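Open the structure in your viewer and keep the sequence beside it. This tour says what to select at each stop and what is there.

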Amino acid sequence: MSTVTTPPPDTSAETATAPAEVSFAEAFRFWLKLGFISFGGPAGQIAIMHTELVERRRWISERRFLHALNYCMLLPGPEAQQLATYIGWLMHRAWGGIVAGALFVLPSLFILVALSWIYLRFGDVPLVAGLFYGLKPAVTALVLHAAHRIGTRALKNRWMWGIAAASFVAIFAFDTPFPAIVLAAGLIGWFGARRWLQVFALGGGHGSAKAGYGPALIDDDTPTPPHARFSRSHLAKVLLAGLGLWGLAMAVLVATQGLQGTLTQMGWFFTKAAMMTFGGAYAVLPYVYQGAVEQHQWLSGPQMIDGLALGETTPGPLIMVVAFVGFVGGWLKQVLGPEALFLGGALAATVVTFFTFLPSFVFILAGGPLVEATHGKLGFTAPLSAITAAVVGVILNLAMFFAYHVLWPQGFGGRFDWPSALIGAAAVVALFRFKVGVMPLLGACSAIGLVVSWLLPVLR
């Protein structure tokens, strides 16, 4: 694919010419490429898009890029995937957004289906078991690091610390459902902002736009295209289309599986999960755990940890771990019968992915023109600020849950797994002290786990 390479931003950039109009085919090739290289979690994925779209290709200016990103940060769902959908929509109307968002997800879905099959088919093979032995404590460290990373941004005062502590106690001591915690935190933010404005003000954002990289195709002063302007008729059409797709898919599942069928329950559960992803994928994982492991028993707790490890090593949004949950649940529940375990798992993974990401497309295509006008108003950002604080406590509880299963694999009555503890401690030091990236960390821990799994039988 041809690209426009520009020099570092300086005064000479102002005299550069704007890039030529981008065809739908060229954009399609880029979004497909992005789907295969979008490693590094939301921060890494957003950085890749900034480098490619703002700096190199100049399809969109820095300010417009950040404006779109700040909007996506207000929404439930994976912000990097929504940002891709937003930019694709801005450039090539609804189909541009659908293609950009779908290609951000589909490569990860195919890869996770293949890895999930290998996991279930060969998970007891010593090589695979050894790799996961090292991955599990690394994932525990990653969840703890996520709680710290989100906490440093969200817990700006004692009130936010109080909300985080209350959410931790609620889910740890009283097993309060995650949606109830989100609702309570949102209400606290909504009413609290009316009396204590600065307590719930979002700080920092994603920074201000820097000097330009030269004229962009969608520049600071480029008028909003007609399809991106708000109209009630357009809003109604998108909402009806989204609800229609959801209703049609659910009707097919009910007709073929029944109301209590596994696929039907997955569709309904992950529709609710899609509305809970304030604060990123780590925020919704406790809710997924409560429903998928404890309530529906589609998979076990240790399998959930393994799925998160696979999700960390594949491109695409981390919330794609739900595809692993769907595949394992479809396989173990034999949704298409015992003779078609792979097809049943792949179908379940596809169903889960559809219901998880459909709301994200609706939020962008319907709400983009409308919500942009409300960005920055405290009445809209205060609930999100309180919810993000509550999410910190919930993620900390998730880290403790993972640590329990990793360090005491047979429960507290069993032996303490000291090799896993040492691997986990080393991963914590690598993340917090040396800022090691996710992929090198997982690679090193899986290699250590493989060596340890071979040595333990000899040492014992």
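**Before you start**

The model is predicted, so local features need pLDDT of at least 70, side-chain atom pairs count only at pLDDT 80 or more, and totals for chains, interfaces and linings use all residues. Residues are numbered from 1 along each chain as its sequence is written, and side-chain values use heavy atoms, with hydrogens and water left out.

**Stop 1: the whole protein**

Show everything as a cartoon. The protein has 16 helices and 0 strands. Both kinds of element are DSSP runs numbered from the N terminus, with at least four residues (H or I) for a helix and at least two (E) for a strand.

Of the 460 residues, 53% count as buried. Buried means under 20% relative accessible area, exposed means over 50%, and partly exposed lies in between, with a 1.4 Å probe and protein chains only. Among contacts (heavy atoms within 4.5 Å) with a separation of 6 or more, 78% join residues 24 or more positions apart.

**Stop 2: the nonpolar cores**

Select Val143, Phe200, Phe270, Trp298, Leu299, Val325 and Phe402. These are the residues with the most contacts inside the largest nonpolar core, which has 97 residues. Helix H14 (residues 378-407) gives the most to this core, with 15 residues. Apart from it lies another core, of 41 residues, including Ala27, Trp31, Leu83 and Phe104. A nonpolar core here is a set of buried Ala, Val, Leu, Ile, Met, Phe, Trp, Tyr and Cys residues joined through side-chain atoms within 4.5 Å. In soluble globular proteins, nonpolar side chains tend to be buried together.

Now centre the view on Phe270. Which residues does phenylalanine 270 contact, leaving aside neighbours within four places in sequence? They are Val288, Trp298, Val322, Val325, Val352, Phe355 and Thr356.

**Stop 3: helix H11**

Select residues 301-312. Helix H11 has 12 residues and reaches 17 Å from its first C-alpha to its last, close to the 16 Å expected at 1.5 Å a residue. The expected span is 1.5 Å times one less than the number of residues. H11 is mostly covered, with 11 of its 12 residues buried. Among the buried ones are Gly301, Met304, Asp306, Leu308 and Glu312.

**Stop 4: a cavity**

How many cavities of 30 Å³ or more does a search of the whole structure find? It finds 1. On a 1 Å grid over the protein atoms alone, a cavity is a set of points where a 1.4 Å probe fits but cannot get out; a pocket is an open set with protein on both sides within 12 Å along at least five of seven lines, and lining residues have an atom within 4 Å of a point.

Select Phe24, Ala27, Phe28, Trp31, Gly88, Met91, His92, Gly96 and Val99, which line the largest cavity. About 50 Å³ of space lies inside this cavity; a volume is the space filled by probe spheres set on the points, and grid points are joined across faces, edges and corners. Helix H1 (24-37) and H4 each supply at least two of the lining residues, and H4 gives the most, with 5. The lining has 6 nonpolar, 3 polar and no charged residues. Ala, Val, Leu, Ile, Met, Phe, Trp, Tyr, Cys and Pro count as nonpolar, Asp, Glu, Lys and Arg as charged, and the others, Gly among them, as polar.

**Stop 5: a pocket**

Select Ile98, Leu245, Phe354, Leu358 and Phe361. Of the 28 residues lining the second largest pocket, these lie nearest its centre. The elements giving two or more residues to this lining are helix H4 (79-122), helix H8 (232-257) and helix H13 (341-371). The largest share, 11 residues, comes from H13. The pocket has a volume of about 670 Å³, and its lining divides into 23 nonpolar, 4 polar and 1 charged.

**Stop 6: residues in loops**

Go to serine 61, in the loop between helix H2 (41-56) and helix H3 (62-73). Is serine 61 buried or exposed? Serine 61 is buried, because its relative accessible area is 6%. Not counting residues up to four places away in sequence, serine 61 touches Val54, Ala216, Ile218, Asp219 and Asp220.

Next, select glutamine 334, in the loop between helix H12 (321-332) and H13. Its phi is near 50 degrees, a positive value in a residue other than glycine. Glutamine 334 is partly exposed, with a relative accessible area of 39%.

Last, select lysine 435, in the loop between helix H15 (418-432) and helix H16 (438-459). Lysine 435 has a positive phi of about 55 degrees although it is not a glycine. At 63% relative accessibility, lysine 435 counts as exposed.
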